[in-house]
Amino acid sequence: MNEKKREDVELLSISSGETSQPFQWSVGKHGSYFLQQLRDNKKIVGIRCPKCKRVYVPPRPVCGQCYVAMDEMVPLSDEGTIYVCTIVQFGFVDPSTGVQRPVPYTWAFVKLDGADTCLTHFLDSVDPEKVKVGARVKAVFEERRTGNLMDIKHFAVL
Amino acid sequence: MGKRVAIVGFGQTYQRSSRKDVNGVELINEAVNTALADAELTIRDIDAVVIGNMDHFEGINYVDMWSAEGAGAVMKPVIKVCTGGTTGTTVAMCAYYHVASGMFKRVLAIGWEKNSESDTTGAIITAFHPVWERPTLGGAVAGLAIEASKYMANYGATERDGARVAVRERLHALNNPFAHLHQEWMKGIPVDQLVDLLVGSEQNAMLAYPLRMSDMCPRTDGAAAVIFAAEGTAEKIAPVPAWVHATANSHNFVYAGDVNMDRNTTIAEASKKVFKKAGIKEPLKEIDVCELYLPYSYAGLKWIEDIGFCAYGEGPRLLWDGVTDMDGELPVNPSGGVMSSNAIGATALIRVGEAALQVMGRAGTRQVKGGDVNLALATGFGGCYWGDVMLLGKKKPS
Amino acid sequence: MTNWKDNVKNMIYSGRIKVPYLWNAGMTGSRFLTGIRDRKEIWGNRCPGCGRVYVPPVKSCGECFVPTDEWVRVSDTGVLESFTIVHYSHDMQPRKAPLAYGLIRLDGADGALLHLIGDTDFKKLKVGMKVQAVFAKERTGTIADIKHFAPV
Amino acid sequence: MSKIAIVGVGQTTCTSSREDTFEEMVFEAATKALADAGAEVGDIDNVVTVSNDFWDGRTISSMAVQEAAGSWGKDVSTVEGDGTFGAFYGMMRILSGSFDTTLVVSHMKGSESIMNLITNAMFDPIYQRGLGIDATSAAALQARSYMAMSGATEEDFARVSVKNHGNARNNPYAQLPLKVSVRDVLASRKIAEPLKLLDCSPIGDGAAAIVLSNRKGLKRFKKDPVWIKGVAHCADAFNLGYRDLAKSRALKAAAKKAYKAAGIQKPLSDLDVAELYDAYSYMELMWYEGLGFAPEGKGYELIRSGATGMKGELPVNPSGGVLSSHPVLVAGMVRLVEATLQVRGEAGKRQVKGAKTALAHGINGPCGQAHCVFIVGA
């Protein structure tokens, strides 16, 4: 027993099983306002930096480049342009659920009219001929909205 | 003014898809012992330890504490840093600052990961904002695929150009016994033909257009350790220490949707800072070899432009001209790079260690320029475009 | 638009991180765990430098930084060096509160082993008392193959 | 040493649950520290952030706060561990000659997660985690070991709680100012014996920041410098069963180095005030011993005699300490902020009169595995 050969040892692994860590993340007032506008009015808002005048979406408290607090919410169009996108075809575990996320799906950076940064979201198509850089898209809202980014179901390619 | 600092030892485990025979602490211990042996030091010679990895890849909180026994940190100062893919270079920079501050003479930098213990893409997604980004993000693969498609759209680069980078990395890896991927079948086949094979093969699954399996890094179990020492001590430890000439970093973006996908602005800023500090005017001519954190193929085209090795859009030409091959003017990743081994927390530190080996003339079968390397550049890349750059040289910096 | 803050209610986003892990016990840990699982034997290893016997075993001694390759079987009885009775509950606990933990120095070992204490009135627990491992009936190669330690 | 000075400090109030985000809290602490220093973000050469991925529920948690930390276009790095360790790194980055000034900022929202699950994850996944051990149950094991070694009693632990919660009543930033008696503490709900509710710190939300500068950088700031006279940190072994839980050799080692640099020979009399990381009441007594305020096993004498009370020889935790507000990671940096305020004479109602030399202490890992000790003075 004392001098068992290395290969004789059965190599064990310990599973984390069903364990997970729950979180209650604060959305903050800027993000909450965005989600409430989405939920209640089907409106998308951004926030403008008082100094450089960039319009950020989603709204956040600080303009990193100017290092000033931001306060001015601005309405944005629900239409925009695909800045970049890709069709995700490989399977992976969604860390929020612990199970595989369905693929394929198209993931895009959408530059909404009136914004200087992009919102990252799903597109409605996985057709490589349709989902192209520069294509125009429009937000499609869920019927039942709960105050979540997924109140936008996806962006439809126009 | 701070102390001059050099790398005097480097150790890494063999990078493999799975190391079931060791737990994380034991894997770290392997790399530490290898580095100590390389520098002919014992753990008693080490004044402080810096360690890094990504917590959610192994699901271990407070890794610096958990691994103290294996890392050699018992009754020593130890600090943990983590900046995603850049973790390894961030660890190296932290160790550099330890020594440069004059507070420590010999500092051990450790990076490690056991990616086999979890779902890497799932864990990477947790690096992004839970409300705005996690629900739709497809991990690093998707994040890099959009960058690649933007580069193709902007400069007319093709899938063959991307594959040319993959071919270089995998061919170089064949010279590196520590590399994870050894694609022996590639041996002896002309580069052009290999590129055609990768682009045309149906088995080479499309992950997220334009990225195929062959365009991505693997998931790896591995650890690395690098020993930094102060001037006056370094020369006694290593016959040819690899001196740190300059190091800098940049990280601007918090929200994925803010990132400028046209250029890698952070690696560009960090490179500019390093070149300014070191007085480098013509990087392509002055730097002898690079170990770049290229997590996927197209980065090998675009990011070399951002570093300043060539003009925008000229990356593919450099590749096809063979400039970045082993016998080229600027060999890139003689080790096979990240695309051949990616134990994420270790990866960027391996870039630093490999660059040091090149400067020391001790890179063995992957040594370039017959050992005549004066300057070597190492980079890290991580998270939301975090860029770290470190320049190593044979001569003491002025 | 200047008064947007007046009507905003701070929201909380409930979520979780659920990444599945499979932690490798490694050669050394597997030897320890299979010893318990297959033979109800507890093994540690001795550091050639300081002579400490580690249970659970370590591949390398944290104090001396040398490999510990000598395997030593230790007793399944030992001394309770410290204990606590826990009155709260959370999802990672294997049994309902109140539950007790102990640090147990097994006879023949130098370090103490962390484990549960059971089969006793917790009020009777004392530092220095003798305890013995109670092995689980169904053993699967985890630390839970020792069900808990109980006063002798 | 006296090469690096603290020129600005900022802290948010600590509460059991703040509604703002990490970003907002970091922005508040950082801008307060800058304002305190009389500086702007342009006066900062580089930034170090302090955060923890598990607590934040976010891998590369440092990434989330970069804009709020003012690091755009600057060199930036990050430490996962207590804020004192971040301050240590921020100091080294200046000493290296690469920068003249550093902003170090830490944040914590303990309210967003379940402390027991987060700290369970710091234990070994093969041997310990499945048992359900967490920071509090591990601390309880340490408390019992310490009692067995020293003869300290649960009443002594309670005295620490009474003192610190009482001191917190003078601190507007504290989360849990309380007027309680030893009897109240002893009668409070059992958590993990021998620890009761009032022996345990309240995990909460908060952020803190400091601005560091070398002599060259001082002209950018308006505040009088508080110098770092000595600092060191050190880690013990991880495994609870493999270290002597009742004694803190790592703290001893760190204190010895810090004292040497600062020229402290008799800490109890040479220091004017100390801010210690008392995550649990018993810890303060153990740290007295590790820091050389009392001989090994005799820490309780100081709390019994009142030597560490506000009017004692060496007031410890005039702020109320970590027992009164515990934003993990931030808590050590708050000790440094408080020590700085004491040396400046700006600690308000919690000011120790004439304080010139102060000690700040941070811990990391289970049961105080690692310790960082700062000595600061005018």
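Student: Is D:Ile375 to be read as buried or exposed?

Tutor: Burial is read from relative accessible area: buried means under 20%, exposed over 50%, and partly exposed in between, with a 1.4 Å probe and protein chains only. D:Ile375 counts as buried, at 0% relative accessibility. This is a predicted model, in which local features need pLDDT of at least 70, side-chain atom pairs count only at pLDDT 80 or more, and totals for chains, interfaces and linings use all residues. Residues are numbered from 1 along each chain as its sequence is written, chains are lettered from A and ligands numbered from 1 in the order in which they are written, and side-chain values use heavy atoms, leaving out hydrogens and water.

Student: In which element does D:Ile375 lie, and with which residues is D:Ile375 in contact?

Tutor: Elements are DSSP runs numbered from the N terminus: helices are H or I with at least four residues, strands E with at least two. D:Ile375 belongs to strand β11 (residues 370-377) of chain D. Contact means heavy atoms within 4.5 Å. Setting aside neighbours within four places in sequence, the contacts of D:Ile375 include D:Trp227, D:Ile228, D:Tyr259, D:Leu271 and D:Leu359.

Student: Which residues touch the most other members of the largest nonpolar core?

Tutor: A nonpolar core is a set of buried Ala, Val, Leu, Ile, Met, Phe, Trp, Tyr and Cys residues joined through side-chain atoms within 4.5 Å. The largest core has 357 residues, and B:Phe228 and D:Phe293 touch the most other members. Helix α15 (residues 344-360) of chain B supplies the largest share of this core, 11 residues. A second, separate core of 30 residues includes D:Val65, D:Ala68, D:Ala209 and D:Val211. Not counting residues up to four places away in sequence, D:Phe293 touches, among others, D:Tyr259, D:Pro267, D:Leu271 and D:Val316.

Student: How many residues of helix α13 of chain B are buried?

Tutor: In helix α13 (residues 299-307) of chain B, nine of nine residues are buried. Among them are B:Lys302, B:Trp303, B:Glu305 and B:Asp306. The cover over the buried residues includes α7, α8 (159-173), α11 (265-278), α14 (315-320) and β10 of chain B. After α13(B) comes B:Gly308, with a positive phi near 115°.

Student: How many salt bridges does a search of the whole structure find?

Tutor: A salt bridge is a side-chain nitrogen of Lys or Arg within 4 Å of a carboxyl oxygen of Asp or Glu. Over all chains, the search finds 70. One of them joins the side chains of A:Asp94 and A:Arg101, at 3.2 Å, N to O. A:Asp94 is buried at 11% relative accessible area, and A:Arg101 is buried at 8%.

Student: Why can the pair A:Arg136 and A:Asp113 be said to tie parts of chain A together?

Tutor: The side chains of A:Arg136 and A:Asp113 meet in a salt bridge of 2.7 Å, N to O. A:Arg136 lies in strand β11 (residues 136-141) of chain A and A:Asp113 in the loop between β9 (105-112) and β10 (119-122), so the pair ties together parts 23 residues apart in sequence. A:Arg136 is partly exposed at 32% relative accessibility, and A:Asp113 is partly exposed at 31%. A network of salt bridges links A:Asp78, A:Glu79, A:Asp113, A:Arg136 and A:Lys138.

Student: Where do the partners of the salt bridge between D:Glu28 and D:Arg18 lie?

Tutor: These two side chains, D:Glu28 and D:Arg18, meet at 3.0 Å, N to O. D:Glu28 is in helix α1 (residues 22-37) of chain D and D:Arg18 in the loop between β1 (4-11) and α1, so the pair ties together parts 10 residues apart in sequence. D:Glu28 is partly exposed, at 23%, whereas D:Arg18 counts as buried, at 11%.

Student: Is B:His129 buried or exposed?

Tutor: B:His129, found in the loop between α6 and α7 of chain B, is buried with a relative accessible area of 16%. Leaving aside neighbours within four places in sequence, B:His129 is in contact with B:Arg134, B:Tyr255 and D:Arg58. The C-alpha atoms of B:His129 and B:Val254 are separated by 8.9 Å, although the two are 125 residues apart along the chain.
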